[in-house]
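Let's take a walk through this one together. Keep the structure open beside you and follow along as we go.

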Amino acid sequence: MLKGAIIGFGKIARSSHMDAYKNDSFNGEVEITSAIEPNPNNFQISQKEFPAIRFYHSLEELLDNEAIDFVDITCPPQYHFEMLEKCIAKGLNILCEKPFTLNLKEAEIIREKLLNSSIVFMPCHQYKYSPIWCEFKSFIDSQEDFCRPLLQFNVFRTQADPGLETLSDKWRKASIDTGGGILVDTGIHYLYLVNWMLGNPVRIMSNLTTLQHLDYNCEDTAIIVLESPKGAAQITVTWAADKRYNDAKLVCKNGSIYYEGGTKLLKSSSAGIEEIPVPDASDKKNYALQYVSMFRRFFDAVKNNQQNINWIDEAYQSILLLNKCYESSNSNNR
Ligand SMILES: NC(=O)c1ccc[n+]([C@@H]2O[C@H](COP(=O)([O-])OP(=O)(O)OC[C@H]3O[C@@H](n4cnc5c(N)ncnc54)[C@H](O)[C@@H]3O)[C@@H](O)[C@H]2O)c1
């Protein structure tokens, strides 16, 4: 039985992560035995709602009392570096929510430490395990090299995710120096997807701006254009919309895939138009299933004591891409 601890028992931990751990496929194999929650109010509520988990106020207190095989870092981004350093020093296997770290300097330090260890580390880039994005990826992979696709992602929201309602720390609206902003919160998912589908971008142009939420201390909108040897992509993410909406399109000379939310993809090719059933991306149950698929790979690697360098590199690359987006936007505004 693998025993784990959750670091930061907030919204994503108590929803998608805990839902995934409860999946039958982990029964008798993985157990969350402990957690850290520094907020006194959330500490009490969590203890009542999750009586099987032993709660602590700090990582030090937890490590003094618990024997664990892995940690799952789900605290706000500004604490990831500190937690990663301490867990690496203890030789613990690590799952870490995005963004891996706050900036490139932190990402470089953690990457070196991980590569000099045998720790199994995986970033929570769960979109890679969504059947929707796997369809997009296999469509691209099936094309000849000369057929360079154009990918387009639109993600519209009305405001920043408030996180756990009972917490007053609304870190998503804070300055980008502490992990705020829609680029790092939502845009990062699409940056690692583009990297995965099209390979490392060689050119990046980005514009970060505030269209609506002047009370936020960060951008509420990001428009990014990326070009890789394999194709090009455009990502538009905003918190300034009138309603929630998502779509994604992939077009190339040989066909296309359109996804406009819901339970189907439309795929066109020389064979005709095909409707492919997919799990609804905004259904909470399906969201947790992406975590189940991702966790499965992590636990297999932990059981086989097999560090995956690609996961470390993927985490590092995601911060490198974020950094390039900030640089591009800053240089446009000079
Ligand atoms: N992969 C995804 O799709 C996805 C979705 C949502 C959130 N996230 C990520 O998960 C993380 C948490 O997001 P959330 O929405 O759950 O936020 P949240 O604010 O709801 O929860 C964060 C929790 O961490 C606790 N915390 C604060 N400081 C801490 C510290 N120093 N040590 C330990 N715990 C601490 C808070 O008290 C809170 O309970 C962020 O990195 C976020 O980007 C990822």
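First, some ground rules. You are looking at a predicted model, in which local features need pLDDT of at least 70, side-chain atom pairs count only at pLDDT 80 or more, and totals for chains, interfaces and linings use all residues. Residues are numbered from 1 along each chain as its sequence is written.

Six strands make it up, ordered β3-β2-β1-β4-β5-β6, and their pairing is parallel. Strands here are DSSP runs of E with at least two residues, helices are runs of H or I with at least four, and both are numbered from the N terminus. Two strands count as paired if DSSP finds at least two bridges between them. At the edges stand β3 (54-56) and β6 (121-124); each has a single partner strand, so one side of each is left without a neighbour in the sheet. From one strand to the next, the twist averages 25°. Zoom in on strand β1 (residues 2-7) and strand β2 (residues 30-36): six bridges hold this parallel pair, and Gly4 has Ile32 in β2 as its bridge partner. As a rule, side chains in a regular strand alternate between the two faces of the sheet.

Now to the ligand. There are 25 residues around it, and those that come nearest are Gly8, Gly10, Lys11, Cys75 and Gly163. To be near, a residue needs its C-beta atom, placed from the backbone, within 6 Å of the molecule or strand in question. Helix α1 (residues 11-21) gives the most to this shell, with three residues. By type, the shell splits into 13 nonpolar, seven polar and five charged residues. In this scheme Ala, Val, Leu, Ile, Met, Phe, Trp, Tyr, Cys and Pro are nonpolar, Asp, Glu, Lys and Arg are charged, and the others, Gly among them, are polar.

What else does α1 meet? The axes of α1 and helix α8 (residues 284-303) come within 8 Å and cross at roughly 55°. That angle makes α1 oblique to α8. Axes are lines fitted to C-alpha atoms, for helices over the stretch in contact, with angles running from 0 to 180 degrees between N-to-C directions. Under 35 degrees is called roughly parallel, over 145 roughly antiparallel, 65 to 115 roughly perpendicular, and the rest oblique. On the α1 side, the contact uses Ser16, His17, Asp19 and Ala20, and α8 brings Tyr287, Ala288, Tyr291, Val292 and Phe295. Contact means C-beta atoms, placed from the backbone, within 7 Å. Six of these residues are nonpolar, two polar and one charged.

Another helix pair is α4 (residues 80-89) with α5 (residues 104-115), whose axes come within 11 Å and cross at roughly 15°. The two are therefore roughly parallel to each other. Phe81, Leu84 and Ile88 of α4 meet Glu106, Ile110, Lys113 and Leu114 of α5, a set with five nonpolar, no polar and two charged residues.

Finally, look at some antiparallel strands. Strand β12 (residues 255-259) is joined to strand β13 (residues 264-269) by four bridges, and Ile257 has Lys267 in β13 as its bridge partner. These two strands form a hairpin with four residues between them, and Gly261 in the turn has a positive phi of about 80°. Next, β13 runs antiparallel to strand β14 (residues 272-277), with six bridges. A hairpin through two residues links β13 to β14, and Ser268 stands opposite Ile273 in β14.

Notes:
Contact = placed C-beta atoms within 7 Å.
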